[in-house]
Amino acid sequence: MVGVVLVAHAPLAAALAACARHVLGEVNLACVDVEADAQPEALLQEILQHIVAQDGGEGVILLVDLVGATPFNVALRAAQAAVETGRSCEILAGVNVPMLLRILNYRARPLSELAECGAAGATHGVAVFKP
C-alpha cells in the first residue's frame, strides 16, 4: 500500500487526519503540522523520517495544503531527496477532506495512479449549491 504523509500549516494536518479517522476508523498516515516559526531544515528532516516510515515499498504520496508556501516547498525538497535515494514519492497539493478520503480508500492502487485519483476526489468534492 502507498504511504501517506500530510504536510500543512498547523493545525490542518492533524485536523484532516482526525477527520479521516472519524470517517474511516484507524488509518495509517503521518502528519506534519507546520508552525509559523518552523525551521525549514528541521522540518525537512521530519518529513524525510515520515517518508521512510510510511514507505512499505509501494511509494509515498505527500498531501500538502498550498502550492508555494513553506509546507509545500519543504515537502518538495523532501520528496526530491527521497527520490534521489531510490524511493518513489509524489506530491499532491490542495489537500481537502474528499481528496484525503479518496487517497486513503484507494491507496492500494499504484502510486502512479493515486495522485490523479486523489485530485479527482478533491475536485468532485467541490460544488456550488444555490437554494
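Residues are numbered from 1 along each chain as its sequence is written, and side-chain values use heavy atoms, with hydrogens and water left out. Since the model is predicted, local features need pLDDT of at least 70 and side-chain atom pairs count only at pLDDT 80 or more, whereas totals for chains, interfaces and linings use all residues.

An open sheet of four strands, in the order E2-E1-E3-E4 and with parallel pairing, is the place to begin. Strands (E, at least two residues) and helices (H or I, at least four residues) are DSSP runs numbered from the N terminus, and two strands are said to pair if DSSP finds at least two bridges between them. Strand E2 (30-34) and strand E4 are the edge strands, each pairing on one side only. From one strand to the next the twist averages 20 degrees, where angles run from 0 to 180 degrees between N-to-C directions and axes are lines fitted to C-alpha atoms, for helices over the stretch in contact.

Strand E3 (residues 60-64) has five of its five residues buried, so it is largely enclosed by the rest of the structure; buried means under 20% relative accessible area, exposed over 50%, and partly exposed in between, with a 1.4 Å probe and protein chains only. In a regular strand the side chains alternate between the two faces of the sheet. In E3, Val60, Leu62 and Val64 point one way while Ile61 and Leu63 point the other way, and all are buried.

On one pairing, E3 runs parallel to strand E1 (residues 3-9), to which five bridges join it; Val4 stands opposite Ile61, and Val5 stands opposite Leu62. E3 also pairs in the parallel sense with strand E4 (residues 89-93), again over five bridges, with Val60 opposite Cys89. The chain passes from E3 to E4 through helix H3 (residues 70-84) in a right-handed β-α-β crossover, a crossover being right-handed if, with the strands pointing away from the viewer, the path from the first strand over the helix to the second runs clockwise. Further along this pairing, Leu63 has Leu92 of E4 as its bridge partner. H3 packs on the sheet and touches E1, E2, E3 and E4, and its direction makes about 165 degrees with that of E4; contact here means heavy atoms within 4.5 Å.

E1 is mostly covered, with six of its seven residues buried. E1 pairs with E2 in the parallel sense over five bridges, and Val7 has Val32 of E2 as its bridge partner. The chain crosses from E1 to E2 through helix H1, and this β-α-β crossover is right-handed. In the loop between E1 and H1 lies Pro11, and the peptide bond from Ala10 to Pro11 is cis, with omega near 5 degrees.

Ala13 lies in helix H1 (residues 12-24) and is buried, with a relative accessible area of 0%. Not counting residues up to four places away in sequence, Ala13 touches Leu6, Ala8, Cys31, Val32 and Asp33. The C-alpha atoms of Ala13 and Asp65 are separated by 8.6 Å, although these residues are 52 residues apart along the chain.

Two loop residues can be set side by side. Asp55, in the loop between helix H2 (40-54) and E3, counts as buried at 17% relative accessibility and, leaving aside its neighbours within four places in sequence, is in contact with Val60 and Arg87. Glu35, in the loop between E2 and H2, is partly exposed, with a relative accessible area of 47%.

Helix H4 (residues 97-105) lies across E1, E3 and E4, running at about 170 degrees to E3. H4 also packs with helix H5 (residues 111-124) at an angle of about 145 degrees, with their axes 7 Å apart. The contact is made by Pro98, Met99, Arg102 and Ile103 of H4 and by Leu114, Cys117, Gly118, Ala120, Gly121, Ala122 and His124 of H5. By class, these are seven nonpolar, three polar and one charged residues, where Ala, Val, Leu, Ile, Met, Phe, Trp, Tyr, Cys and Pro count as nonpolar, Asp, Glu, Lys and Arg as charged, and the others, Gly among them, as polar.
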